[in-house]
Amino acid sequence: MIQIQQIKVPLKHNRADIAQKIQKALKLEDGVPFTFQIRRQSIDARRKQELSYVYTVDVELEDADAQGERSFLKKIHNKNIMLTSKKTYLFPKAGNIELAQRPVIAGSGPAGLFCAYLLALYGYHPVILERGKMVQARKQDVEKFWADGSLDTESNVQFGEGGAGAFSDGKLNTLEKDRLGRNQFVLETLVECGADSSILYVNKPHIGTDMLVDVVKTLREAITSMGGTFSFETKLTDIQYEEGVQGRQLVSVTVETRGKQSQIATSLLVLAVGHSARDTFEMLLQKGVPMQAKPFAVGLRVEHPQKMVNAQQYKGADMRYLPPASYKVTAQSGSVGNTRGVYSFCMCPGGYVANASSQEHLLAVNGMSYHKRDGSNANSAVIVTVTPDDYPACANQPLSGVAFQQELESRAYALCGGKIPQQLYGDYKTGAVSNGYGDFASQAKGACAFADLSGLLPKPLREAFIDGMEQFARYIPDFNRYDAILSGVESRTSSPVRILRDEQFQSGIHGIYPCGEGAGYAGGIMSAAMDGMKVAEAIRALYKPV
C-alpha cells in the first residue's frame with residue numbers, strides 16, 4: 001500500500017478532486033485503476049487568504065502487489081510518498097490461570113466499556129456495574145435537570161451509561177502515542193456502532209452529544225450479545241479481600257441496587273468509576289486501597305460568538321466549506337520559578353455551557369456540542385493548574401484535591417442558589433456584577449444568573465486566569481473582549497486522585513485494576529478507552545477465558 005501525504009485541495013472539492021491529485025502525484029496514466037482511503041484530513045490555515053484542505057491517503061494500485069508497488073515507487077522521488085501497511089490491533093494470547101468467577105467492571109464510561117468490549121469479545125463474560133441509568137433514561141434525567149433544576153444524584157451529566165464524556169461533545173482527540181493501534185481500534189469500533197465514519201480521519205474528530213446516545217446503546221448491545229452483563233442503578237459500595245500468598249487478594253464486592261445490598265463473588269475488579277465518584281474514592285481509601293492526590297486544573301468556562309472565532313481563525317474564508325473554527329491556547333503566568341500553566345480545555349465550537357452538577361448544593365459546569373456544532377457561540381474552559389500546594393491544610397491527604405473541588409463548587413452553588421453563575425469578563429476584572437449580556441447572549445443548558453465570580457477562585461488562580469486571558473488575546477484578537485461571558489466553576493477537568501497500580505495494572509490489593517480517568521490514568525474519551533483496553537490486555541495475559 002502506498003501512502004501520500006500533503007495532498008492539498010481547495011476548500012470546495014470532492015472525492016474526484018482528491019483522486020486527480022493522487023493520479024498526478026503518482027504519475028499514473030489515464031485508466032490505471034487504483035483505490036484510496038483517506039487517513040487524515042486537516043485544514044491548512046497558515047496563509048489566511050489561501051485556506052486549503054490537506055489529506056493523507058493510502059492508495060492501492062489494483063494491478064500491483066506489494067513487490068510491484070515497491071518497484072513502482074523507486075521511479076518516484078517524493079518525500080511525501082512512501083510504502084505503508086495498515087496497523088492492526090492485536091489482543092494478547094490468553095494466560096493459563098483459571099478464573100473461578102466472572103470479572104466485574106465498575107463503571108460504564110469509555111474505559112469501562114472498552115475494557116468490557118474486549119473481555120466480552122474474547123470470552124470472559126464481564127459483569128458491568130453502573131450506578132446510573134442506561135443512556136436513554138439518563139438523557140431524560142439530564143434534560144429534566146436542565147429544565148427545572150431537579151437533580152438526580154445518581155443519574156446526571158457525570159453518572160450513567162457512557163460516562164461524563166457522553167455529555168461533553170464526544171471529542172475524540174488524544175495526545176497519547178499509539179504504536180499498537182488501540183486508537184484506530186476505538187475509532188473503528190465507534191463507527192461500527194453508528195458514529196460518522198469521518199471520525200476515522202478528521203483532525204479533531206467528535207461524535208456529538210446527540211449522536212452518542214445511540215452509539216453507546218449499540219456498544220452495550222454488542223457487549224451483551226457476546227456474553228457481558230450490565231447492572232444499571234447498581235453502585236459499588238464495598239470490597240472484601242483476604243490475606244493470601246501474594247498478599248491481599250480480592251474475593252468479593254458489595255453493591256447496592258435501588259437500596260438493596262448484595263454481594264458478588266469475584267477475584268477481578270476493574271475500577272473505571274470516573275472522576276466524580278467521590279464516595280467511591282472515600283470507600284476505597286478506608287479499605288486501604290493505595291492512592292494519592294495528583295495535580296489537576298480548575299477555572300471558568302468562557303463564551304465568545306462563534307462568528308468571531310471563525311473570522312479570527314479563518315480570516316473571512318467561505319464558511320460553506322469549513323467546519324466551525326476551534327482553537328487551543330496556552331500561556332505561562334507568574335514570575336520566573338513560580339509559574340503555573342493557563343490553557344483552554346474542552347473547546348466546544350458551536351456549543352453550549354452545561355450545568356454538570358452531580359451532588360446536592362454543589363455546582364460544576366462543563367461544555368458540550370451537538371454533532372452539527374451549529375450553536376451561535378464557541379466556548380471552552382480556561383483553566384489554571386492546581387497542585388497540593390494550593391490547599392496546604394490537607395495537602396498530605398489523598399482526597400485533598402476532592403475537598404478543594406467541593407469547596408469551589410459549594411461557593412459556585414451559593415452564588416445563585418444552584419443556577420449557573422455568570423459574569424462578563426470586563427466586570428470580572430473589576431468585581432462588578434454584570435447587569436446584562438453584551439453583544440451576544442449565553443448559550444447554556446440549565447438556568448443562569450449574574451453574580452460576582454471574582455471571589456470564586458483563590459486569588460493566585462484568579463490572577464493567573466486574567467493573565468492568561470490577556471495573553472490569549474495576542475493570538476486571537478478580542479479573546480479578552482469585555483463582554484466575553486464567564487461561567488463557573490469548571491472544576492472537573494480531570495481526576496484529583498490517582499489510584500496506584502503496578503506494572504501489571506493492579507492495585508496493592510491483588511485483583512483490583514484501577515482504570516481510566518477516575519483512577520488518574522487518562523484525560524478524555526480516547527485515552528480513557530485506550531486505558532480500558534490496556535487493562536483488558538493485562539487481564540488477558542494472566543487468565544484463561546471463563
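1. Helices here are DSSP runs of H or I with at least four residues, numbered from the N terminus; in that sense Gln 184 lies in helix H5, which covers residues 182-192. The model is a predicted one, and the points below should be read with that in mind. Once neighbours within four places in sequence are left aside, Gln 184 is in contact with Arg 39, Asp 178 and Leu 200.

2. Is Thr 189 buried or exposed? Because its relative accessible area is 4%, and buried means under 20%, Thr 189 is buried. Leaving aside neighbours within four places in sequence, Thr 189 is in contact with Phe 114, Tyr 117 and Leu 219.

3. Two packed helices are described by the angle between their axes and the distance between the axes. For helix H3 (residues 110-121) and helix H12 (residues 525-542), the angle is about 40 degrees and the axes are 7 Å apart, with a crossing that is right-handed. On the H3 side the contact is made by Pro 110, Ala 111, Phe 114, Cys 115, Leu 118 and Leu 119, and the residues they meet in H12 include Ala 528, Gly 532, Met 533 and Ile 539. By class, this contact of H3 with H12 has 13 nonpolar residues, 1 polar residue and no charged ones.

4. With neighbours within four places in sequence left aside, its contacts are Leu 118, Leu 180, Gly 181, Arg 182, Phe 185, Met 533 and Glu 537. The side chain of Tyr 89 makes a polar contact, at 2.6 Å, with the side chain of Glu 537. Tyr 89 counts as buried because its relative accessibility is 12%, below the 20% limit. The C-alpha atoms of Tyr 89 and Glu 470, which are 381 residues apart along the chain, are separated by 44 Å.

5. Nonpolar side chains tend to be buried together in soluble globular proteins. In this model the largest nonpolar core has 67 residues, and the members that touch the most others are Ile 22, Leu 26, Val 57, Val 59 and Phe 465. Helix H11 (residues 459-472) gives the most to this core, with 6 residues. Apart from it lies another core, of 50 residues, among them Tyr 117, Phe 185, Leu 219 and Val 270. Which residues does Phe 465 touch, not counting those up to four places away in sequence? They are Leu 300, Val 302, Val 382, Val 384, Tyr 425, Tyr 428 and Leu 486.

6. Ser 487 is found in strand S22 (residues 485-490), and it is buried because its relative accessible area is 0%. Its side chain makes a polar contact with the side chain of Gln 422 at 3.0 Å. Residues up to four places away in sequence not being counted, Ser 487 touches several others, including Leu 300, Arg 301, Glu 303, Ile 420 and Leu 453. Strand S22 also contains Val 489, and the peptide bond from Gly 488 to Val 489 is cis, with omega near 5 degrees.

7. Helix H7 (residues 278-286) has Arg 278, Thr 280, Phe 281, Met 283 and Leu 284 as its buried residues. These pack against strands S8, S11, S12 and S23 and against helix H9. H7 is followed by Gly 288, whose phi is positive, near 85 degrees.

8. Gln 6, in strand S1 (residues 2-9), has a positive phi of about 60 degrees although it is not a glycine; it is partly exposed, with a relative accessible area of 46%. Lys 27 is likewise not a glycine and has a positive phi of about 55 degrees. It sits in the loop between helix H1 (15-26) and strand S2 (34-44), and it counts as exposed because its relative accessible area is 64%, with exposed meaning over 50%.

Methods. Residues numbered from 1 in each chain as written. Predicted model: local features only at pLDDT ≥ 70, side-chain atom pairs only at ≥ 80, totals over all residues. Heavy atoms only, no water. Axes fitted to C-alpha atoms, helices over the stretch in contact; angles between N-to-C directions. Helix = DSSP H or I, 4+ residues; strand = E, 2+ residues; numbered from the N terminus. Left-handed = near helix turned anticlockwise from the far one by under 90°. Contact = heavy atoms within 4.5 Å. Nonpolar A, V, L, I, M, F, W, Y, C, P; charged D, E, K, R; others polar. Core = buried A, V, L, I, M, F, W, Y, C linked by side-chain atoms within 4.5 Å. Buried < 20%, exposed > 50% of the residue type's maximum accessible area, 1.4 Å probe, protein only. Polar contact = N/O pair within 3.5 Å; in protein donor to acceptor, adjacent residues only side chain to side chain.
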